[in-house]
Structures are given as structure tokens and as C-alpha cells.
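I opened this notebook page to keep track of what I looked up. Entries follow in the order in which I made them.

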Amino acid sequence: MGMFPVFDLAYYIVSILYLKYEPGSAEVARKSPAASWVCAMLYCFGSYILADIFLGSCPVDYFQYNSHILLASAVWYLVFFCPLNLFYKCVAFMPVKLVLVALKEVVRTRKIAAGVHHAHHAYHNGWIIMIIVGYVKGSGVALMSNFEQLLRGVWRPETNEILSMSFPTKASLYGAILFTLQETHLLPVSKCTLICLFTLFMATSKVILTARHSHGSPFILIESWVCHLLFGSPLGSGEEEHHGSPTPAPVAPISPVKCKEDLGEGTRKRKSKKAE
Amino acid sequence: MGMFPVFDLAYYIVSILYLKYEPGSAEVARKSPAASWVCAMLYCFGSYILADIFLGSCPVDYFQYNSHILLASAVWYLVFFCPLNLFYKCVAFMPVKLVLVALKEVVRTRKIAAGVHHAHHAYHNGWIIMIIVGYVKGSGVALMSNFEQLLRGVWRPETNEILSMSFPTKASLYGAILFTLQETHLLPVSKCTLICLFTLFMATSKVILTARHSHGSPFILIESWVCHLLFGSPLGSGEEEHHGSPTPAPVAPISPVKCKEDLGEGTRKRKSKKAE
Amino acid sequence: MGMFPVFDLAYYIVSILYLKYEPGSAEVARKSPAASWVCAMLYCFGSYILADIFLGSCPVDYFQYNSHILLASAVWYLVFFCPLNLFYKCVAFMPVKLVLVALKEVVRTRKIAAGVHHAHHAYHNGWIIMIIVGYVKGSGVALMSNFEQLLRGVWRPETNEILSMSFPTKASLYGAILFTLQETHLLPVSKCTLICLFTLFMATSKVILTARHSHGSPFILIESWVCHLLFGSPLGSGEEEHHGSPTPAPVAPISPVKCKEDLGEGTRKRKSKKAE
């Protein structure tokens, strides 16, 4: 099943929506459309760029698909410059957004599987490389958020996506491990089944998290136990570490970067309104 | 017509002159010649390094041309360490400098054309890649100025060349678009004619801007209209956006980074004297 | 003579020991094991990653050697999470550490020679590229320390390894020059002899420097003279420039980054205790 154009369109829309949620991005788009466009391209194609860098091929390789770039550019234009902010209001409307978020996760899973397969092709026994490339394909721009922010004139060195992983990044890591196990025949399931199951899990989780305006993670309990066993971290610390719990508890004050992908809709709207 | 050694020499001299204009660079050269030399190499060969990175080949590829590197190193040594600052005073003398600046623009145009041609060779239909590579070949070190400054211990995250483009960067972008149109036969002129015309335009503009100590841009009126139509920016904002007008009006206080390539001679001399 | 596993093990242990000496790294390991692991991998394999980047091949290429990665990961786990901090106390015990440091220098010399040879294979006359690749292979993570620190949420833009070179970085540069001269047959010695001599010099120097808790450099006198002749720097400035003298004089207050590799044991212990 081809991803283009329906699924990819959803991916671009949600990605650029997250760019618009970033404080100050609307102002950057008005003052310097070029910088905003480059950031939008990083949001949409960051995973391809990073994977190409990690595998030593041409980082702008994906930019040969002119139609994909034009589609993403059109989405960028509509999200930032549509009269009356109409397009933004439509796609940020919760029911529409939930559908788009689910479609985005479909693309993410496919990308992880493709990344692992691609790395397997280049390094037959390099299962660490497979995990790295799958992870990078799933996480995309998040892994280079420091440099993407730098393009917009923002510099927050005190945190980054590896230091404090958000749910999609963590899930990409676990997904990359699963797909690597499948690719090396250590996991006795077919790739199709694994893609289906992982897509289901990701779509459900993200839709629930988005609907609940939560920035928690379903992994919190297991991680807490594993970290306790392996690294001797105290058992209760899991929740503080991940700045929130999966239940919609009263939201504690959080750092502005951490919450990038998992910010509640309400907070986001307020933020982007301020930015405008 | 070969660019080496006359045109390239002019390119190196003007590039390293701009490095010396940077506040603090003379002190860095005295305290840490290695860092200063690396910066000088980035100023001279940044466009090759960046284009090689973007096309996925070896970033130090150009360093195989030992004679070019040695010539640029000699220029670096003379500009920074010549007794009595004699070499610097000669090449920074306005009439000499204007000739060198004109020669530099000849090299820049050739680089843009070569970059577009190179990318066309690798990606026949990838006109976006052609524009990117041509742009990068024309802009050179400006696009990585944040990291070049970091080498000298300076960090200015609040701005970068994409966020606030200077005239040479903008001209490189427009030039890359023109040469891409020519390469894909959408612009019905021969490459020779286009190179001649674009060189003439660039040399004239830069010489006038340098002679007038101006940091404006001839594109300001057209850009202001296009931005108004496309992005709804207010019409008058063009001039403020670009921190100056093409007429030699009384110079407003400008940010130290913005004015890197277009700073008036007077200000520059004062600055570099302070730095010494 | 194969470097794996004895010499490589020593290399990993000393490298990750230096990571633990970094202020705040123990806390990062507890709060975000993933970031700490990535940093540890950069400390162990940074030289391969950088050399691959500079030669345009796949940066994660070395990660195909699963056993090396697993060994380094085991060392990382033992250094940071061993019960009672037992492993750390053993390897940081001075006599053990001196042996490990000597073994590490054996690996460093081999890496420089291999880097120069590799670059010579790709660029027969590119002796500048040979020096660059040999230098990068010898210096490793030091050259990307700014970005390695960024991973741990630390940002110190005011300095970097090129701006203020430590002894191992300088020695790598001089070693790379020597091996390049040998590879291009300008230095009439066999490669074996050169490797032996350089290893002896590096091991002796580093062991003496580590035993004396000194962060000086044996090159200080020669460098002071050369800099005076070439760059007109005042003769006495060598010692201030390099923040210390080779004799165990009363240690002056030094910048926290400069002393990374050459910090005295005592200061280090205090620092890492504070961090814990």
C-alpha cells in the first residue's frame, strides 16, 4: 500500500502543525519565510535526512521527489499564511486532528520498518546499526531539535531529545528494536503482522494521549522497574522523570521543550495565539 | 577560462579580509593560530565543504588540491601576521579592494553555475537539489557562520544567515534558481550568456555597495512587494527587515552579525583596530 | 599485533573514566542512561565516527563490530553502575590507571597511523587530507567535545579543543604530520620504527603527566619559540597560553574544559564525588 499522497499528506499536516505550536514560529514565518520553510522541511523530511546522514549517503537525497516537497511546501504555506487562519483551524479541530495523528503513526511505523530493512541491506550483521537507523527514521526532527530551533534563532542547550525522550521517540526506539529482532529472525512473526500490531499500538496510544491532552507514556511502569533493576534508580522516580503520568492528573509546570509533541491542545492554542 | 590563480587569489584575499573584520578574530589568531587557520580555510573553502556534505561526498575532498590550500594559507599568514600590517593595509585600501571584490564575484558566479551543473549530473530531475547545491556553493561560509564563530569561541544563536539573509546570500539563491532554470532548459539562454550577465550584475552591485559602505540590497523593492503578496507582510517593513536602504542614508545601529559582509569600511577599520 | 580485546579494553576503560570525571556526568547517567550511553560511545568510538565523516563514508560504520560495542557498553555499565562503585575504584587506582593510560596511548598511535594510511589510500597526493584524518583519528571525541557536552545538556561555547589544544590533541597533530611524512617517503624510517618510537614517547609522556597530576605539555618550550618566530607572540606567553608548566608547580586556577584530559587525580576525585 503506497503512503503517497494520503498518508504522507497527513504526516506533513501534523508535523507542520507541531512546528506552528512552537513558541515564536509564527513570527519567524512572517519575518523570515525562508527560515520557516527550511524548518518545515526538516519537520517533514528530517527522518530521511538523518537516516541518509547516518548511512553516509547524500542528505538531500529525498529532495529529488519534487512532488513530495511541493506538497509539504503547500501544507506549510496553508498552515502559516492561509487567510483567516482557516486551514490551521480546520486541521487543529480535535476530531480532524485525531484522524491525522493516527495516519501519521501509520507512516512512522512504515518508516521504522523501512529504515531497519535499509540498514540490514547495507550491514547484514550490524543489528546495532539497524536499531540506530530505525530509531532515527522513527524519531525524525526530534533528534535534531536543538539545531532546528537554532535555525529559528532559539537555543536551548540544557535539554535535548536523547536527554529527555518524549513518547514518540521512545516508542520509535522500542519499535526499531522489535523490527530489528524480526529482521534477524529472532522474533518469530512476519513483518506484516508486526507492522500491523505496532501501527495499532502507536495510533491508539497517540490518539488517546492527544485526546487527553496528556504528555505521559504507556511505558512508564515498565521503564520504572527496568531502570530500578538495571541502574538502581529509586522506584518512585519514574513519574517525575517523565514529567507526568498517563492519567490526566493536574498538569505540573513543565519545561517548554519537553512537551513539544505531547502538549495539551489547550496550552498549545494559548501559546500559538500569543505567538501570533 | 581557469579561475586559478588570479581569481582564486582575489577570492581568498577578500574572504580572509572579511574574517579579519570579525570582532576578536585578530586576538584569536595571536592566541590560537590553529583555530584561526581553520576558520580561514572555512572562509575560503566553505562552499566546497558544504556542497560536498550536501551531496554526500567527502567533505575534505577539496583539500586534495594542495596548491590552493597553500595559497590560501599564505594569504591568511600575510593578512594576520605581516610585519607592520602592510599586506592588510594594501588590500583593504579602497581602490584595490573594489577590484578584488569584483574578482570575487566572478568566482562566486562560476561556483553557483558549477554547483547547479554538478547536482544536475547526480539528480537529473532534482531541480530542488540543484537550487540547494547552487545556493550553498554561492553562499559558502555564511551558511555555517554559527559554527565558524563557535570555532573562535563566539556563540550568537539569536541569528543566522537563513534567518536574516545578507545580499550575497540572497543573490546566490536567486542565481541558483536562474541557473537551475537554464540547466533544465526553462530559461532560453545559453549558459555563457547567463554567467556573463549574472557576473556583471553581482560585480556591479557588490562594488557599488562596498564603495558606498552600504549594507542594503537592490532586491529590496521587489522583495517587499512579493512578501506582501505571498505572506501578507506590511509593505513598509521591507526596509526595516533588511536593516538599511540602498541609498546611502545615515546608517542606523545594526546588529553585529547582520552586517558581516556589508559593513562600511570605516566601521570595519575601527572595529579591527579595537580588536588589535 | 591485534588491538582487540586487551588494548581496546584499556582504551574503553580510560575513555569512559574521563567521561565520569566530567562534572555532572554521573547525574546524567542516573537520570538518562540513554544519553550517558551515547556519550560513552562517542568517547570510545568518536575517532572512527569523525574519520568516517571526514572521508565521506557512513558515520556509524564502526557500529557493525557488535562485539566492540558490547564490550564498551559493558565497561560503561561497570564504570557508572557497578555496586559500591567497585569497578571505578579499581581502575581509578593510580598504578592500575597508569598501566591503562599507557595501553591507551598504544591504541592512539595505531589509530593515527591507520588514519593516515587510509587517507593515503583514498588521496595519493593529498597530504593535507592525510594529516587531517590522522589528527582526527588521534584526537577523537576531544574535537567534538562541544557537541558531546551538548548531549549531556552542557554548553560551553567560549572554548573548544582547537582553540585551546590539550596535550593529547597536540601530540596527535604532530604524530599525524610525522606519519604523513613517513607515508609520502619524506621521512626515511620504516613505519614500524616510527610507530614504536611514537608509542614510547606518547606512553611515557602521558604516564608521567598522569602520575604528576600535571596538565602541561612537553612541547611548551619549542612551541613558544616557534610561535614567537612565526606569529610574533611574546616569548614568555607560552606558559600562560597553555595554562601550566611541565614542572609540578603550584597549580593555578584553570578553566574547567581545558583540563579535561590532564586534570590531576585529586581534583578529579573531588569533582566526581561532588557530582555524585
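**Entry 1: aromatic pairs**

How many aromatic pairs does the structure hold over all chains? I note first that this is a predicted model. I found 65 aromatic pairs over all chains.

I took Trp76(A) and Phe81(A) as one example. Their ring centres are 5.5 Å apart and their planes stand at 85°, so I logged the pair as edge-to-face. An angle over 60 degrees is what that label needs. Both Trp76(A) and Phe81(A) are buried.

I then turned to Phe167(C) and Phe219(C). Here the centres lie 5.6 Å apart with the planes at 35°, so this pair is tilted. Phe167(C) belongs to helix 9 (residues 167-183) of chain C, while Phe219(C) sits in the loop between helix 10 (191-211) and helix 11 (220-231), so the pair ties together parts that are 52 residues apart in sequence. Phe167(C) is buried, as is Phe219(C).

I also wrote down one aromatic cluster in chain A, formed by Tyr12(A), Phe45(A), Tyr48(A), Tyr62(A), Phe63(A) and Tyr65(A).

**Entry 2: charges over rings**

Which residue lies over the face of Tyr88(B)? I found Lys20(B) there, at 4.6 Å from the ring centre.

I checked how chain A superposes on chain B. A rotation of 120° does it, with 0.0 Å of shift along the axis and an RMSD of 0.0 Å. That is the relation of a three-fold axis. Within chain A, the residue that comes closest to the rotation axis is Gly56(A), with its C-alpha at 3.8 Å.

**Entry 3: cysteines**

How many disulfides does the structure hold over all chains? I counted 0. A disulfide would be a covalent bond between the sulfur atoms of two cysteines.

Cys192(A) is in no disulfide, and its nearest cysteine sulfur, in Cys196(A), is 6.1 Å away. The cut-off for a disulfide is 2.5 Å between the sulfur atoms. Is Cys192(A) buried or exposed? I have Cys192(A) as exposed, with a relative accessible area of 60%.

For Cys39(C), the closest cysteine sulfur is that of Cys44(C), at 11 Å, which is too far for a bond. Cys39(C) is buried, with a relative accessible area of 0%.

How values were computed: Residues are numbered from 1 along each chain as its sequence is written. Chains are lettered from A and ligands numbered from 1 in the order in which they are written. This is a predicted model: local features need pLDDT of at least 70, side-chain atom pairs count only at pLDDT 80 or more; totals for chains, interfaces and linings use all residues. Side-chain values use heavy atoms; hydrogens and water are left out. Rings of Phe, Tyr and Trp (its six-membered ring) pair if their centres lie within 6.5 Å; planes under 30 degrees apart count as stacked, over 60 as edge-to-face and the rest as tilted. Buried means under 20% relative accessible area, exposed over 50%, partly exposed in between (1.4 Å probe, protein chains only). Helices (H or I, at least four residues) and strands (E, at least two) are DSSP runs, numbered from the N terminus. A charge sits over a ring if NZ of Lys or CZ of Arg is within 6 Å of the ring centre and within 35 degrees of the ring normal. Copies are superposed by least squares on the C-alpha atoms of residues with pLDDT of at least 70 in both.
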